[in-house]
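Please look through the sequence and the model below before reading on.

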Amino acid sequence: MISEKAKIGKNCTIRSGAIIYADVSIGDNLKTGHNILIRERTTVGNNTLIGTNVVIEGDCKIGSNVSLQSNVYIPKNCVIEDYAFLGPCAVITNDKYPIREKHSHSDLKGAVIRKGASIGANTTILPGVEIGEGAIVGAGSVVTKNVKPWEIVAGNPAKKIKEVPKNLRVLNK
């Protein structure tokens with residue numbers, strides 16, 4: 001189901017079971033798997049892949065040439081910049097204190113995934129964390145603090161292993 005108010009670019013492939021809310025803006029050449037959800041006030045750039053069962057909870061900015069593999073969960077207020085990769089079952093969280101009497105949407109601090117960052121499968125990223133440009137997060141990691149540009153981190157909690165070698169620091173433009 002695609003809202004009539006949603007803006008969908010040219011040459012998009014949106015597979016069955018997709019739900020796209022009003023006030024969503026999608027660029028050209030989007031490709032999706034089945035059963036995706038993109039909620040309100042989200043923008044998605046050009047040439048982006050959204051895999052099967054991906055949930056984008058709304059108020060998010062997804063760049064161009066992004067790859068969100070199957071079962072990725074993106075809560076409200078997240079930014080994912082161009083050329084980022086999120087592996088299967090990667091989860092971002094945005095609520096530091098989920099069990100409380102009063103809840104305000106302004107308390108929700110989404111993650112920022114910078115240009116060209118790569119997030120491994122089954123990674124969990126905690127609220128408000130920033131993954132730097134070109135950084136790599138190993139599969140199964142729990143990211144509790146910011147990751148600097150071009151760092152490679154892994155583990156629970158994720159810790160720096162090394163830096164991306166300078167000869168491999170290439171970002172598509």
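What follows is a short walk through a predicted model.

Begin with the strands. Seven of them make up an open sheet with parallel pairing, in the order β1-β3-β6-β9-β12-β15-β18. The edges of this sheet are β1 and β18 (130–131); each has a single partner strand, so one side of each is left without a neighbour in the sheet. For β18, the strand it pairs with is β15 (residues 112–113), which runs parallel to β18 and is joined to it by two bridges. Isoleucine 113 has isoleucine 131 of β18 as its bridge partner.

Next come the charged side chains. The model has nine salt bridges. One of them joins lysine 76 to aspartate 59, with the closest N and O atoms 2.8 Å apart. This pair links distant parts of the chain, 17 residues apart: lysine 76 is in the loop between β11 (73–74) and β12 (79–80), and aspartate 59 is in the loop between β8 (55–56) and β9 (61–62). Lysine 76 has a relative accessible area of 13%, so it counts as buried, under the 20% limit. Aspartate 59, at 25%, is partly exposed.

A second salt bridge brings together arginine 114 and glutamate 81, at 2.5 Å from N to O. Here too the two residues come from distant parts of the chain, 33 residues apart, with arginine 114 in the loop between β15 and β16 (118–119) and glutamate 81 in the loop between β12 and β13 (85–86). Arginine 114 is partly exposed at 27% relative accessibility, and glutamate 81 is partly exposed at 24%.

Glutamate 40 and arginine 39 also meet in a salt bridge, 3.2 Å from N to O. Glutamate 40 is buried, with a relative accessible area of 12%, whereas arginine 39 is partly exposed at 24%. Salt bridges link Arg39, Glu40, Arg41, Glu57, Asp59 and Lys76 in a network.

The last stop is the surface. Met1, Ile19 and Tyr21 form a nonpolar patch there, and together they have about 320 Å² of accessible area. Methionine 1 belongs to the segment before β1 (7–8). Its relative accessible area is 72%, so methionine 1 is exposed.

Technical notes
Residues are numbered from 1 along each chain as its sequence is written. This is a predicted model: local features need pLDDT of at least 70, side-chain atom pairs count only at pLDDT 80 or more; totals for chains, interfaces and linings use all residues. Side-chain values use heavy atoms; hydrogens and water are left out. Patches are made of residues with over 30% relative accessible area and no salt bridge: like charges are joined within 9 Å, nonpolar side chains (Val, Leu, Ile, Met, Phe, Trp, Tyr) within 5 Å. Accessible areas come from the Shrake-Rupley method with a 1.4 Å probe; for residues, only the protein chains shown count as cover. A salt bridge is a side-chain nitrogen of Lys or Arg within 4 Å of a carboxyl oxygen of Asp or Glu. Helices (H or I, at least four residues) and strands (E, at least two) are DSSP runs, numbered from the N terminus. Buried means under 20% relative accessible area, exposed over 50%, partly exposed in between (1.4 Å probe, protein chains only). Two strands pair if DSSP finds at least two bridges between them.
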